[in-house]
Amino acid sequence: MNMKKNDNIEDLFKDSFENFEADVKPKTWDNIQAALKGAGIGVIIKTLINKIGTNTIIAVVSSAATVVGTIMIMNWTGTGAKKEVNAPATSQTANLPAVKDENTTISGAQETAADSKKETNTPESAVNNKTIEIKGNTNNSTEIVANHKSKNDLKNVIAEIESEKIASINSTAIGGAVPLIVNLSNKGSGKINKWDFGDGKTAKNMANPVHVYDTPGIYTVVLTSTSVDGKTKSDSIKIEVYGNSSLSDIASSFTPNDDGDRDYFIINSENIKNMNATILEGNGTIVYSYKGVEIKWDGRNKKGEKVKEGTYYYIIDAEGIDGKKIEKKGSIKLTR
Amino acid sequence: MQPNIATLHLPYQEQTMTDEQIVQGCIQKNAIAQKHLYEKFARKMMGVCLRYADNHEEAEDVLQNGFVSVFQNIESFKGTGSLEGWIRKIMVNTALTNIRKNKKLKQNIELESVEFMLPSTNHINESFAAKDLLKIIQTLPTGFKTVFNLYAIEGYSHKEIGDMLGISEGTSKSQYSRAKAYLQKLIPIDRE
């Protein structure tokens, strides 16, 4: 960049940063997708907090239960939604809030705080794992007493959260060109998985199926998963498969003199259904036209006579098997 | 008659979507459209986030949260201004939220009296690439940096900045002039 006059410092910075770009880690996109995908659950945690906020006494229990993990996950998914609960900026570390209701059995409560902490370091949860705070109590090991009114609500909400985890699709791709190969897996806890790939094909009892889409379209993959205790839940994702019809790049000149080097004006195609090419002289006269899926012009007109040197114009219309319309126009210089 | 050259040079670009199509797609939560939007703006927005953050990692966090927010609120994009401008606004807001969350801003602005040291290479004589300027900006204390970014680069008024940051207009002005004085000291003045 050139040295700029910088007695006006604002301009120097403004100009320099106008088109400033910087590298982004590929992982960032994955994190964003993960956060978006989980956004639905974010609503539940908000509900949960709203419900327990007024009617329940809450404590922070130092040895975290399974629910802790759930809350952490939901917390990042809730990012971007209005924060109903604001944490003081200082609560950055591991006072993991847990909710315990005396009538609600929380399974797997043996998970240790260390495990839960580890979870906060996974990329998915990296979005935001600091903003949750359940008001007013940071003492460890205090009992929670829920009053009767909120008990059932709480139970339902927790059940709902738990169910989210039985079926949860993870896919290596959510879109791409044919043939699109996707590796699917169930991130949830369900053990018996049934997959419907949306293209008429299904798979049973496969934890990590690999599926190939070879026709363009939008497919809904549905996973139905049953947990060990017999609960069945489903999850779905959309996969968009597009065609990959294309034309090759077109050179800007060719030399039809039979020396074996650039003797033809060539356009190759992939997955093209039909293509029309018209070549015009500078005065608009059509010197050559062609229909087909490949173009190879030798520099002769329709009568087979060599055309004179100069610049010619081409207009190409093509349609791909996927229905994509491609139009190319440009000029080509002919020398012999 | 010469064929119209202006229309002749419009090579078809693979998978190109207009901003309008991207927005429509994103409203429908179409993954391809979301990816398009992200790929179109991620690098540029990273440039914005870096200016507000202390380091690369923090900028990535802001970028990530910013894009999540973009996708979740895409319906509120009215199409009156540019999509890029709208996304940039969200990024800036996300960066400010991040700063507020870390309480860095208040702390820094309150420390008005503290003078900070110039880096030992107190003049940078070479030409300035944006990434050099970025390094300079990143050495500024958070308060200076934020106000400078908002005023000089994003173009907000001191009143707006005051409202955004919860400081007075006067504080914004004084933060700005101090940031500017610092930068002028650091960057040699070239009067032609």
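M275(A) stands opposite A318(A) in strand β16 of chain A. The partner strands are β13 (residues 272–280) and β16 (residues 310–320) of chain A, which pair in the antiparallel sense over eight bridges; two strands pair if DSSP finds at least two bridges between them. Strands (E, at least two residues) and helices (H or I, at least four) are DSSP runs, numbered from the N terminus. I272(A) in turn stands opposite G320(A) in β16(A).

This is a predicted model, in which local features need pLDDT of at least 70 and side-chain atom pairs count only at pLDDT 80 or more, whereas totals for chains, interfaces and linings use all residues. Residues are numbered from 1 along each chain as its sequence is written, while chains are lettered from A and ligands numbered from 1 in the order in which they are written.

β13(A) also pairs with β14(A), again in the antiparallel sense, over five bridges. Here A277(A) stands opposite Y290(A) in β14(A). β13(A) and β14(A) form a hairpin with five residues between them, and G284(A) in the turn has a positive phi of about 95 degrees. These strands belong to an open sheet of five in chain A, with the order β10-β17-β16-β13-β14 and mixed pairing. Its edge strands are β10 (253–254) and β14 (286–291), each of which pairs on one side only. In a regular strand the side chains alternate between the two faces of the sheet.

Chain A as a whole contains six helices and 17 strands. Of its 336 residues, 34% count as buried, a class that requires 20 or more other C-beta atoms within 10 Å of the residue's own, with 12 or fewer for exposed, partly exposed in between, and C-beta atoms placed from the backbone. Among contacts in chain A between residues at least 6 apart in sequence, 70% join residues at least 24 apart; two residues are in contact if their C-beta atoms, placed from the backbone, lie within 7 Å.

Helix α1 (residues 9–18) of chain A has I9(A), L12(A), F13(A), S16(A) and F17(A) as buried residues. They lie on the same side of α1(A), because they cover an arc of only 110 degrees around the axis, the arc being that of the directions from the helix axis to the C-beta atoms. The cover over these buried residues includes α3 (31–52), α7 (130–139), α8 (142–153) and α10 of chain B.

Within chain B, helix α9 (residues 158–165) and helix α10 (residues 169–186) pack at an angle of about 105 degrees, with their axes 8 Å apart. α9(B) is therefore roughly perpendicular to α10(B), a term for angles of 65 to 115 degrees. Axes are lines fitted to C-alpha atoms, for helices over the stretch in contact, and angles run from 0 to 180 degrees between N-to-C directions. H158(B), K159(B), I161(B) and G162(B) of α9(B) meet E169(B), S172(B) and K173(B) of α10(B).

Two residues other than glycine have a positive phi, as tabulated below.

Methods:
Parallel < 35°, antiparallel > 145°, perpendicular 65-115°, else oblique.
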